[in-house]
Amino acid sequence: MLNFSELTRSFHYDFLMDALHFPEWLAVTTECVFIGIILLLLYSLLALFYIWFERKVCAAFQCRLGPNRVGPWGLLQSVADMFKILIKELISLKYVDKFLFALAPYLVILASMLAFAVLPWGNGLQIIDFNIGIFFLIAVSSIGVLGILLAGWSSNNKFTLIGALRSGAQMVSYELSIGLSVLTMVLFAGTLEVGGIIEAQKDVWFIFSGHIPAIIAFVIYLIAGTAETNRGPFDLPEAESELTAGYHTEYSGIHFGFFYLAEYLNLFIVAGVATLLFFGGWMPLQIPGWEAFNNIMWYIPTPIWFIAKAIVISFIIIWFKWTFPRLRIDQLLSLEWKYLLPINLFNLVLMALVVVFKWHF
Amino acid sequence: MITLSIIQNTTLVVVAALTGIGLVALALWLAGLISPKSFNPQKGEPYECGIPTRGESMAQFKVGYYLFAILFLMFDVETVFLFPWAVRVRELNAAGLGIESLVCIAVFFTILVLGLVYAWRKGALEWK
């Protein structure tokens, strides 16, 4: 079992301080710069991968091949797209609120980057590890709504205004469901710390040990997470047939690219949080009693477990998108407020009973 | 497992935030270097499917959005109040106070549910 925190500790003490004779402050600064670079690379690589993945999956659902010319299996297609979007002109518009218009992409990226940094990648591989980790994650990911509202408002365009309002109503409504299903699992885990939640799933993942309430919470989380990322059947903020491109109609070039990037990263974050809460984060699959099996499972590196689980869950979310037709705004809001919210509240009570009377495994 | 201190964690939050800002700034700078620039008064117009914009862009919108935002505020704050209880349930149960904690939170929870029922009966959840 490889613990990556040993690696970072040895990087700090053995390499930077002993081998290179850095003073403490310089060593810490170097590490911070390294963390920043790693975050930046991971963030952009994952976004590029996800854009390619979505296109491939979409093609498979529609009996097409998808991108297959640039690089092996079209893997470099999204890199080429990135360069294409970089060389597009950034049009300066006459009537926009310049400051807010420029600020909006920063907020959207900031929200997803902060949430991204909380995800546990492997044993000891986690950047921000607050004792209120999961709460922090919910808090920072809701900054994204602000960015989207600002983008739509500052563009001074009818399409963007309606798109932003729809998006705001949708995202705040479904944030409630996300919050409540996370709350249900926090109740079960008894801690808000990301490391602690994973540690509690060492023997059995929460989806198995929490049985009925955990499964209900997972389904609700998946639906709310899809809505939260403005994807799939809930993509009416950018319903192209009525609102052109919704809140980012007026953005051009790389400015538009940021919203696109954040959307795909949010897909990964939603899948990552689902992994962390229900499928044991980076914990390998453990079946109580099967000693040999459990030992073999530990030989697969923990980051591979995390990424594989997250990709499987995001595959399900992409599957939604290519299966269900788009909802209307009234259907969307009544789904949340009349179905998901009462079910969620009931589920919370159920989970409390399960914990108090020890009906879990 | 290394537990990080609050200062270390806050530093890391700042690092992540700066990375996010840096990503946007870097990409914008790069795009500014290599993207073409051409000037045309038509380009600055708001997008409206090819026709000139008519009337105010800041059109009136449905009050329903506002209503849902208010409802969200209420439920979100109540969810935040539930978090401290949720974290402690296991410990309270181990100390033999599980049932008591359930009864106590049931009072709070009932008020929350009554709020939802009230909003529902008032028709605040209808999209009219």
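Helix H12 (residues 253-278) and helix H14 (residues 302-321) of chain A pack at an angle of about 115 degrees, with their axes 8 Å apart. Axes here are lines fitted to C-alpha atoms, for helices over the stretch in contact, and angles run from 0 to 180 degrees between N-to-C directions. Helices (H or I, at least four residues) are DSSP runs numbered from the N terminus. This is a predicted model, in which local features need pLDDT of at least 70 and side-chain atom pairs count only at pLDDT 80 or more, while totals for chains, interfaces and linings use all residues. Residues are numbered from 1 along each chain as its sequence is written, and chains are lettered from A in the order in which they are written.

**Packing of H12(A) and H14(A)**

- H12(A) contributes A:Leu267, A:Phe268, A:Val270, A:Ala271, A:Gly272, A:Ala274 and A:Thr275 to the contact, where two residues are in contact if their C-beta atoms, placed from the backbone, lie within 7 Å.
- From H14(A) come A:Phe306, A:Lys309, A:Ala310, A:Ile313, A:Ser314 and A:Ile317.
- This contact comprises nine nonpolar, three polar and one charged residues (Ala, Val, Leu, Ile, Met, Phe, Trp, Tyr, Cys and Pro count as nonpolar, Asp, Glu, Lys and Arg as charged, and the others, Gly among them, as polar).

**Nonpolar core**

- Of the 131 residues in the largest nonpolar core, A:Ala117 and A:Leu265 touch the most other members.
- Helix H7 (residues 158-189) of chain A provides the largest share of this core, 19 residues.
- Such a core is a set of buried Ala, Val, Leu, Ile, Met, Phe, Trp, Tyr and Cys residues joined through C-beta atoms within 7 Å; buried means that 20 or more other C-beta atoms lie within 10 Å of a residue's own.
- Not counting residues up to four places away in sequence, A:Leu265 touches A:Tyr43, A:Leu46, A:Ala47, A:Ser112 and A:Phe116.

**Contact between chains A and B**

- Chain A gives 67 residues to the contact and chain B gives 56 residues.
- On the side of chain A, the largest share, 15 residues, comes from H7(A).
- That side of chain A divides into 44 nonpolar, 15 polar and eight charged residues.

**Domains of chain A**

- Chain A is divided into domain 1 (1-87) and domain 2 (91-356), with bounds from an automatic or database domain assignment.
- The domain centres, taken over C-alpha atoms, are separated by 20 Å.
- Domain 1 of chain A supplies 18 residues to the contact and domain 2 of chain A supplies 21 residues.
- H2(A) accounts for the largest share of the side of domain 1 that touches domain 2, eleven residues.

Technical notes. Buried ≥ 20, exposed ≤ 12 C-beta atoms within 10 Å, placed from the backbone. Helix = DSSP H or I, 4+ residues; strand = E, 2+ residues; numbered from the N terminus.
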